[in-house]
Every structure is written in C-alpha cells, then in structure tokens.
Amino acid sequence: MTILVTGATGNIGAQVIQHLVSHGADVRALVRDTSKADLPAGVAVVKGDLLDVDSLRSAFDGVSTLFLLNAVVPDEFTQALIALNVARSAGIERIVYLSVIHADVYVNVPHFAGKFAVERMIEQMGIAATILRPAYFIQNDLTVKDVITGYGVYPMPVGDKGLAMIDVRDIAEIAALELLRREQAAQPLPTTRINLVGPETLTGADIAAIWSDVLGRTIHYGGGDTAEFEQNLKQFMPPWMAYDMRMMGERFLTDGMLPEEGDVERLAALLGRPLRTYRDFALEIAASA
C-alpha cells in the first residue's frame, strides 16, 4: 500500500511526506527534477509531470492513496483533471485534494474557480476523496516581513471582514492524518470537505496590532489599495499571477475568509492540540531577525 505525494518538493508537500514517514507509511514522491528532491530516506522518488500522462501512468502504478497538490500556474485546472483521470484509470480510490476555502464564493478569482471546478469533477464522477479547503496561509506573510520590519507597514489587503489564517505546518499535518485515515480504511471512504482554518479570524488592523506588540513599535495597516498591491506583486511574479492575487485580495475586502461553526474545534480535536496562531508566527519571525 503506497501513498503518492505530488508537489513533494514544495513547502506543504515536503512536510506531508515527513509526517507520513514518521507514521511508517510507504511513500512515493512525484517530482520534476530528482536531483532537487531532498526527501527522507526510504521515500521512493519518481520523475514526472502532471501534464505528462505517460509519466503519471508510471508513477501511479501500484499506488493506493494520492495526495494531489497543484501549484498556482496557468494550467492548474488541466493538470488536476489529468491527474484525477489517470488516477481513476489506475484504480486509485483514496484521494486527498488540496483545494481552497470559499472556492464556490470567490468565483471570479482564477485559481479559486479552477479548484472549485475540480471539486465538481470529484463529486460528479464519484471519486472518493477528502477535499481540504485551507484559508490564507500564514506563511504567505514571509514575503512582506521586510516591509513590516523595515517600513512599519503591514501591506496585505486583508480588510476588515477578517481572514481565518492557518499555519502551513498545521495544513501539512492535517493532510497527512487524512491520507493515513483513508489509506488505513477497510473500504474507500465517502467524499468529504474539511475547512482548514486558524484559531482566530483576523482583520488587517488586528494583524498590524499583533506586529506592533511583538516588535515593540507601531505597525500600520496599509493594505486597502488592491491596484497598488498588484503593481507591487508584478515586481517578482508574472502579471497574470499578480492579477489573480489582486482579485483574491478584492474578495478578502468584500467577503473575508470566515470559518464555519465548529471548524476550529474539529481541527484541534484532529490534531490533538491547539492550532498555531498568527502571533506564534510573528514571534518566530521577530526572534530570527
């Protein structure tokens, strides 16, 4: 019985593998470049690409459970559909798919809309899967830590509705636990959705206040201008991605990313501990500065 992890060299995928290995699972990692795969001993590394059908057929052979993580790329939707179709043909009936919270609400945001279409495929084709729906990754704010510490501004367009930000370490651990639950079940389990959220729903002002307290000086929230946000992102990412992120930011402002009743308690029970907080993250960054 083998669990295959895609996105194995990324932050979440690599952590999922670490958790699976620590539980004694037989793990296979799909990577584009095997020379860059710094993975634990015993993990079978296979070269492949989510658009290369033949490589997927080879990689999926003998696999019982699949963790499907797609990067935000222009053809993310196509990659996911191909992977799920090939997995289905290979007889894989245990799947964990990393989607996004409010995929059915943020319908004008390209990578949200793509993930929601994948969710619909999973349901309509009767694929047995857990659909994980994470909120905003706390670690996304690593990209703006120099702005926070150097200029005294928190620039992300979080708004005043609030985001239930979650630590990527919690995402990875929950994903691994869900993979193991499906892998170890006597029969394929029914499809389910799980919102992955942090313990608090924070506004832009809340986050600025946390940074002010942690750093011992005033940090201002300055993230309301999504046009400026897009222009700043274009300095280090493709224009299409910067625009995608702008559209997401606009939905942060109008809708927020809010948990459903019982989400936090459900995740804490699954982990057997409290969820990590944004303050934990800010303290770690401050300590390493």
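**Reading a helix pair and the pockets beside it**

Mentor: Let's start with H8 and H9, which pack at an angle of about 150°, their axes 9 Å apart. This is a predicted model, where local features need pLDDT of at least 70, side-chain atom pairs count only at pLDDT 80 or more, and totals for chains, interfaces and linings use all residues. Residues are numbered from 1 along each chain as its sequence is written, and side-chain values use heavy atoms, with hydrogens and water left out.

Trainee: Which residues of H8 make the contact?

Mentor: Contact means heavy atoms within 4.5 Å. On H8, Thr-226, Ala-227, Phe-229, Glu-230 and Leu-233 take part; on H9, the residues include Tyr-243, Met-245 and Arg-246.

Trainee: And what volume does the largest pocket have?

Mentor: On a 1 Å grid over the protein atoms alone, a pocket is an open set of points where a 1.4 Å probe fits, with protein on both sides within 12 Å along at least five of seven lines; lining residues have an atom within 4 Å of a point. A volume is the space filled by probe spheres set on the points. Here the largest pocket holds about 1,300 Å³. Its lining has 46 residues, and among the closest to its centre are Leu-69 and Phe-137. H9 gives the largest share of that lining, 5 residues.

Conventions. Helices (H or I, at least four residues) and strands (E, at least two) are DSSP runs, numbered from the N terminus. Axes are lines fitted to C-alpha atoms, for helices over the stretch in contact, and angles run from 0 to 180 degrees between N-to-C directions.
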